[in-house]
Amino acid sequence: MRTPFRARAAVLTTHLRSVSRLVSVSCALLLGVLACDSFDSDAPSLSQNREQQRRLLPRQFFPAISEKDASGALGVRISRNSEGFKRLVRGDPTELVFKDEEGTGEDLVMSPRLRERLMRLSKLVETEWPGAQLRITEAWDEQNEHGPGSLHYAGRAADITTSELGSSRLSRLAGLAIAAGFDWVYYEGSHVHVSVK
Ligand SMILES: [Zn+2]
């Protein structure tokens with residue numbers, strides 16, 4: 001009778017030892033995680049990291065809804081002598097680089113909200129690629145160069161690149177534009193199209 005009891009007790013002791021080892025290992029791991037977490041409290045969080053590395057693929061847009069739903073419809077088209085033109089502002093060519101291929105200065109004309117986002121993006125571009133500059137190839141369009149309903153006609157859209165070109169650059173530029181707070185960002189192909197409400 002004694003031997004089986006002793007054997008059972010021995011099995012139980014072994015079992016208890018392994019449970020207690022498991023508990024202490026788990027505690028150590030948990031403490032380790034907590035310690036690591038408190039050591040890294042100044043490091044960017046996971047979501048910040050994701051934001052910092054965000055990119056768009058060609059033909060991809062963000063948010064994943066139509067431009068009309070994100071930035072609103074065109075409404076009234078703005079011409080140089082219309083009432084709406086008075087509400088538009090000019091981008092500062094010392095702060096932003098404009099292509100101005102029309103030579104009329106129309107690419108410098110835009111809504112205040114668009115200019116504010118472009119200024120923010122310009123700073124993000126300079127931080128991301130020291131020495132590089134944000135280039136605006138199109139903003140307000142008074143010459144009917146875009147499709148019907150385009151927000152370029154209201155100075156609420158811009159086409160952008162950087163001073164150095166390349167698909168990797170544009171992909172990341174689109175990510176930076178999302179971080180700069182444009183209401184809709186589209187990696188269109190040879191440039192990134194951005195628009196605001
Ligand atoms: Zn465009």
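Predicted model: local features only at pLDDT ≥ 70, side-chain atom pairs only at ≥ 80, totals over all residues.
The protein chain contains five helices and eight strands. In sequence order, these elements are arranged as α-α-β-α-β-β-β-α-β-β-α-β-β. Of the 197 residues in the protein chain, 29% are buried. Among contacts with a separation of 6 or more, 65% are between residues 24 or more positions apart.

Helix α4 spans residues 112-128 and helix α5 spans residues 167-180; their axes come within 9 Å and cross at roughly 130°. The crossing of the two helices is right-handed. On the α4 side, the contact is made by Arg117, Arg120, Leu121, Leu124, Val125 and Glu128, and on the α5 side by Arg172, Leu176, Ala177, Ala179 and Ala180. By residue class, this contact between α4 and α5 comprises seven nonpolar, no polar and four charged residues.

The largest nonpolar core has 34 residues, and the members touching the most other members are Ala158, Ala174, Ala177, Val185, Val192 and Val194. At least two residues of this core are supplied by each of β4 (109-110), α4, β5, β6, α5, β7 (184-187) and β8 (192-195). Helix α5 provides the largest share, six residues. Nonpolar side chains tend to be buried together in soluble globular proteins. Alanine 177 belongs to this core and also takes part in the contact between α4 and α5. Apart from residues up to four places away in sequence, alanine 177 touches Leu121, Phe182, Val185, Val192 and Val194. Of these, Leu121 is one of the α4 residues that meet α5.

Valine 109 is located in strand β4. This residue counts as buried because it has 21 C-beta neighbours inside 10 Å, where 20 or more are required. Beyond four places in sequence, the contacts of valine 109 are with Leu88, Arg90, Ala139, Trp140 and Gly155. Valine 109 and tryptophan 140 are 31 residues apart along the chain, and their C-alpha atoms are separated by 5.7 Å.

Glutamate 106 lies in the loop between β3 (97-98) and β4. Its 20 C-beta neighbours inside 10 Å place glutamate 106 in the buried class. Residues up to four places away in sequence aside, glutamate 106 touches Trp140, Asp141 and Glu142.

Histidine 152 occupies the loop between β5 (134-138) and β6 (157-162). With 26 other C-beta atoms within 10 Å, histidine 152 is buried. Excluding residues up to four places away in sequence, histidine 152 touches Glu138, Trp140, Asp141, His146 and Ala157.

Notes. Residues numbered from 1 in each chain as written. Helix = DSSP H or I, 4+ residues; strand = E, 2+ residues; numbered from the N terminus. Buried ≥ 20, exposed ≤ 12 C-beta atoms within 10 Å, placed from the backbone. Contact = placed C-beta atoms within 7 Å. Axes fitted to C-alpha atoms, helices over the stretch in contact; angles between N-to-C directions. Left-handed = near helix turned anticlockwise from the far one by under 90°. Nonpolar A, V, L, I, M, F, W, Y, C, P; charged D, E, K, R; others polar. Core = buried A, V, L, I, M, F, W, Y, C linked by C-beta atoms within 7 Å.
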